[in-house]
Amino acid sequence: MGRCGPQVKDRQPVAILHAGAMKTGTTFLQSKLIANRDHLADQGIHFAGRVWAQQVHAVQSLLGLAQHDPVMSHRSEGAWSRFVREARESEDPTVLLSMEFLSFAKADAAARAVAELEAAGREVHLVLTVRDIARVVPALWQTSITSGGITTWERFTTVIRASTRGRGKVGAALARAGLPTARRFIEVIDIPRMIEVWTQALPPERVHVIVVPGPDAPPDRLWELFSEVVGIDTATTTEPPEQVNESLGYPSAELVRRVNEELRLSVPSDQRVVKVDLGRNSLSRLRHDERRATLDPATFRATMRWNARIADAISSSNVTLHGDLADLPTDGDPADYGVEADQRPPSDEELLTAAGVGFRRMRRRHVEMTQQHLNPQRAKKKRRRVKRQLILRRNWPDTPDPVAAAVADIATLCRSVISVERILTKRRQQRRQQQQRQHED
């Protein structure tokens, strides 16, 4: 059985790596830590980096995740070594890094992380947050879509069912057959693999598994569990999170998926415009009016079986357990999850409603970006060129496929905003290089 062990605050100096599996409250915890970093510092807890993005770059560097994106590669180069140096030089008893990509780590990366931090004089602890997979799956599909995915919800659930058979072997076969969604799904929810990787690098008592409380738990219960592990005094860390993930309704997520199909972006950093400008800052406002993507009975049963596998791995690995394994139900009531036997895909009417909101937002964003970052002549020329390419919302109903026309218009605006973002990125890189040359001189 997983053990409920002591807090790590009495073991000094320490480095705590939070490798929360995706969609397990990581954004909430990170936002809470950022909002309270001064209070944490008063308690001797150093939340690494000047900004949280430096933690992202450090993990990308450790895992080699940015090698196919020149922008990310430039930002992450040497970032893990800088974090290790920061951990060595910090006078605080505890250094903390929270980045969910650590859950993707393979044995060699985990071993390197532990060895280098121990060489820096830190005892390493790994915190892994896990959650009821039935709650994770719809959010995971949304994340895959806002990250550039093009797999439909129906296809995604089919892949999930296949991926959870045969201890993931079927999922691996699907991935090799050219379905990356299957590979990503297994990476994200294969908690037993994560536990195995980190218990090879660390004594099991220094691997802390937090089970995210169920929906009926008090809102701050996850923060309390995390604070117990790290040794945070919750009486002083009362600042609210500054940012939370904004979910999308089923029609809006499907609209973004179709925009991705139209764009076919090959550089991950370009997806930020779709994820942030179109998704988070635009379509998320419809989430209370739109229906949600829900599990079908067969997929729901698959998630319950996977919960059982996770619970078994926690119980048999001798890791330190925080929370209640009952929050990984193996026989949940489908009604509590809104399971639907036959969920219809979004209608054209639903998609066009979402498209109208997305189009207005992206058109405003396009004007803002060109006005702020291009000279007047170039900005005017770019806006005219884009306007000639647009079908325009008032004309969508007159086309053979109004939804396709709406998607094409939104994709056109996204492409143009992305092109301006690339110009800005190049300018920033040139400024950094110039500053580096001046510093060297």
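Hi everyone, let me start with a pair: the side chains of R206 and E118 meet in a salt bridge, at 3.8 Å from N to O. That pair links distant parts of the chain, with R206 in the loop between α11 (191–201) and β5 (207–211) and E118 in helix α6 (residues 107–119), 88 residues apart. By salt bridge I mean a side-chain nitrogen of Lys or Arg within 4 Å of a carboxyl oxygen of Asp or Glu. The helix and strand names are DSSP runs numbered from the N terminus, where helices are H or I with at least four residues and strands are E with at least two.

Before I go on, a word on what we are looking at. This is a predicted model, where local features need pLDDT of at least 70 and side-chain atom pairs count only at pLDDT 80 or more, while totals for chains, interfaces and linings use all residues. Residues are numbered from 1 along each chain as its sequence is written, and side-chain values use heavy atoms, with hydrogens and water left out.

Back to our pair. R206 is buried, with a relative accessible area of 14%, whereas E118 is partly exposed at 38%. Here buried means under 20% relative accessible area, exposed means over 50%, and partly exposed is in between, with a 1.4 Å probe and protein chains only. The areas themselves come from the Shrake-Rupley method with that 1.4 Å probe, and for residues only the protein chains shown count as cover.

How many salt bridges does the rule give? The count comes to 17. Let me pick out a couple more. R309 and D190 also meet through their side chains, at 3.8 Å from N to O. R309 lies in helix α15 and D190 in the loop between α10 (180–189) and α11, so this pair ties together parts that are 119 residues apart in sequence. Both R309 and D190 are buried.

For contrast, here is a pair within one helix. E261 and R257 form a salt bridge at 3.3 Å, N to O. Being four residues apart in helix α13, they are separated by about one helical turn. Is R257 buried or exposed? R257 is buried, with a relative accessible area of 6%, while E261 is partly exposed at 33%. And there is a network too: R272, D277, R365, E368 and E421 are linked by salt bridges.

Now for charges gathered on the surface. R75, R378, K380, K381, R384, R385, R388, R427, R428, R431 and R432 come together there in a patch of positive charge. The elements giving two or more residues to that patch are α17 (376–389) and α18 (402–440). Which element gives the most? That is α17, with six residues. K380 lies in α17 and is partly exposed, with a relative accessible area of 45%.

For the rules: patch residues have over 30% relative accessible area and no salt bridge, with like charges joined within 9 Å and nonpolar side chains (Val, Leu, Ile, Met, Phe, Trp, Tyr) within 5 Å. Lys and Arg count as positive and Asp and Glu as negative, while His and the chain ends are not counted. Each charge is placed at NZ of Lys, CZ of Arg, CG of Asp or CD of Glu.

Let's go back to helix α15, residues 297–317, which also holds T303. T303 is buried, at 1% relative accessible area. Leaving aside neighbours within four places in sequence, T303 is in contact with I133, A134, V137 and L295, where contact means heavy atoms within 4.5 Å.

D92 sits in the loop between α5 (79–89) and β3 (94–98). D92 is partly exposed, with a relative accessible area of 22%. Not counting residues up to four places away in sequence, D92 touches A41, G44, H46 and R122. D92 and F47 are 45 residues apart in sequence and 9.9 Å apart in space, C-alpha to C-alpha.

Last stop, the backbone. Most residues other than glycine have a negative phi. R264 is not a glycine, yet has a positive phi of about 50°. R264 is in the loop between α13 (250–263) and α14 (272–280) and counts as exposed, at 55%. N318, also not a glycine, has a positive phi of about 65°. You'll find N318 in the loop between α15 and β6 (320–322), partly exposed at 32%.
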